[in-house]
Structures are given as C-alpha cells and as structure tokens.
Amino acid sequence: MLKKYKQLALAMELLNRQARATIVQQVTGLPIKVIRKTYKELHGRSSGRGSLKFSTRGVTSSNLKFKEVTLFAVCFRAFDNKRLESHAHRVIAAFDIYKQSNPAGQLNFSDAWVIAQDLRDKTIQITKCPHCQSWVLLNAREDLSERCGVCKANMESR
Ligand SMILES: [Zn+2]
C-alpha cells in the first residue's frame, strides 16, 4: 500500500512538472493510459508523443541552450551526496532549483531528464575550468575542449 502510494505521489510530482508520459511510465510503472489521461486533465493538452531527445547533444543546439544545460548540470551536481530516494527524486530537486535560479529557462523537464541520465551514466560530466574555475560541461558538444568558453576565446585571440 505504501509502495503504491509512493508510486502515485512520484507520478504526480513528475506530471506537475510536465514530464512526458513515457518518462512517468518508465519511472513508476503505472499504466500509460492512466498517465496520459492525468496529464491531459492537469495541463489541458496531451503529453508529447514521439521519442525523447536521444542524448544531451540533441539539447545543446545553441550557445544559450548549452549554457542552460551547464546550469542544470551544476544544479544536479549539488544533489550528489544528498540522500534522495531515487534518481527521479534527484532530477525533480535539481529541476526545481534550475527553475528557481533561471525562471525564464528554456529547458523543460524532459530535457532535464535526458541530461540527468547522461550525467548519471557519466556520458557527460561537469567540471571546473582549471584556468578560471568556472563550470565547464564536458562531452556535451562535439568539441572536447577542457577549457571553458571564456578561456578558449582568450587563447584564440592571443
Ligand atoms: Zn576558464
């Protein structure tokens, strides 16, 4: 009973943040029909169909988006050692902080979900630029530079 309740509570947390129905199903194991129906009741429109972005590289299309992905990664990292119930709870906590620090941010929860998966699997990593100590996201774009954009620009103009 408690398990069922926790499952439903988590589903609502995800749905309130407009997570795609497929993500909610993956996390909670609830029937997709019920999830889609609830999504529509909450948001007045259907959950996006189609597949999720395959990886973070699909999200970092522009410099602005890349900066936002970096910001989300920093938020996600902040919950590294916190005792959260599950990966999904950690994504929710990080997404809330991201939204608070950047209310106009363009990343939606489903983007955050893809990014968090890559961070968890270490496909992408967040680190500090060894030169100026600002945050740098590694492997999220084609260029594998370990310098941050600022230092790289300085190098190139020298
Ligand atoms: Zn730097």
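The model shown in every view is a predicted one.

**View 1. Glutamine 18 in the loop between H1 and H2.** Glutamine 18 belongs to the loop that lies between H1 and H2. Although glutamine 18 is not a glycine, its phi is positive, at about 60 degrees. Glutamine 18 has 15 C-beta neighbours inside 10 Å and therefore counts as partly exposed, since a residue needs 20 or more such neighbours to be buried and 12 or fewer to be exposed.

**View 2. The whole chain and its order of elements.** The secondary structure of the protein comprises seven helices and two strands, and, read from the N terminus on, these elements follow the order α-α-α-α-α-α-β-β-α. The C-alpha trace spans about 60 × 30 × 25 Å along its principal axes. Of the 158 residues of the protein, 28% count as buried. Among the contacts with a separation of 6 or more, 47% are accounted for by residues 24 or more positions apart.

View 3. The protein is divided into domain 1, covering 2–43, and domain 2, covering 56–157, and the C-alpha centres of domain 1 and domain 2 are 25 Å apart. Nine residues from domain 1 and seven residues from domain 2 take part in the contact. On the side of domain 1 that touches domain 2, helix H1 (2–16) and helix H2 (21–28) each supply at least two residues, and the largest share, three residues, comes from H1. Sorted by class, this side of domain 1 has five nonpolar, one polar and three charged residues.

**View 4. The crossing of H2 and H3.** The axes of H2 and H3 come within 9 Å and cross at roughly 135 degrees, and H2 and H3 are therefore oblique to each other. The crossing in which H2 passes H3 is right-handed. Ala21, Val24 and Gln25 of H2 make the contact with Ile32, Ile35, Arg36 and Tyr39 of H3. By class, the residues in the contact of H2 with H3 divide into five nonpolar, one polar and one charged.

**View 5. Isoleucine 35 and its surroundings.** Isoleucine 35 is placed in helix H3, and it counts as buried because 22 C-beta neighbours lie inside 10 Å. When residues up to four places away in sequence are not counted, isoleucine 35 touches Ala11, Ala21, Val24, Gln25 and Leu30. Isoleucine 35 and leucine 15, which are 20 residues apart in sequence, are 8.2 Å apart in space, C-alpha to C-alpha.

**View 6. Lysine 53 in the loop between H3 and H4.** Lysine 53 is in the loop between helix H3 (32–43) and H4. With 15 C-beta neighbours inside 10 Å, lysine 53 counts as partly exposed. Leaving aside residues up to four places away in sequence, lysine 53 touches Gly58, Val59, Asp111 and Val114. Lysine 53 and aspartate 111 are separated by 58 residues in sequence, whereas in space they are 7.4 Å apart, C-alpha to C-alpha.

**View 7. The packing of H4 and H5.** Helix H4 (residues 63–77) and helix H5 (residues 87–101) pack with their axes 8 Å apart and at an angle of about 130 degrees, and H4 and H5 are therefore oblique to each other. H4 passes H5 in a crossing that is right-handed. From H4, the residues Leu71, Phe72, Cys75 and Phe76 meet Ala94, Ile97 and Tyr98 in H5. The contact of H4 with H5 has, by class, seven nonpolar residues, with no polar and no charged ones.

**View 8. Glutamine 133 in the loop between the strands.** Glutamine 133 is found between strand S1 (125–128) and strand S2 (135–138), in the loop that lies there. Phi of glutamine 133 is near 70 degrees, which is a positive value in a residue other than glycine. Glutamine 133 has 9 other C-beta atoms within 10 Å and is therefore exposed.

Key:
Residues numbered from 1 in each chain as written. Predicted model: local features only at pLDDT ≥ 70, side-chain atom pairs only at ≥ 80, totals over all residues. Axes fitted to C-alpha atoms, helices over the stretch in contact; angles between N-to-C directions. Helix = DSSP H or I, 4+ residues; strand = E, 2+ residues; numbered from the N terminus. Parallel < 35°, antiparallel > 145°, perpendicular 65-115°, else oblique. Left-handed = near helix turned anticlockwise from the far one by under 90°. Contact = placed C-beta atoms within 7 Å. Nonpolar A, V, L, I, M, F, W, Y, C, P; charged D, E, K, R; others polar. Domains from an automatic or database assignment.
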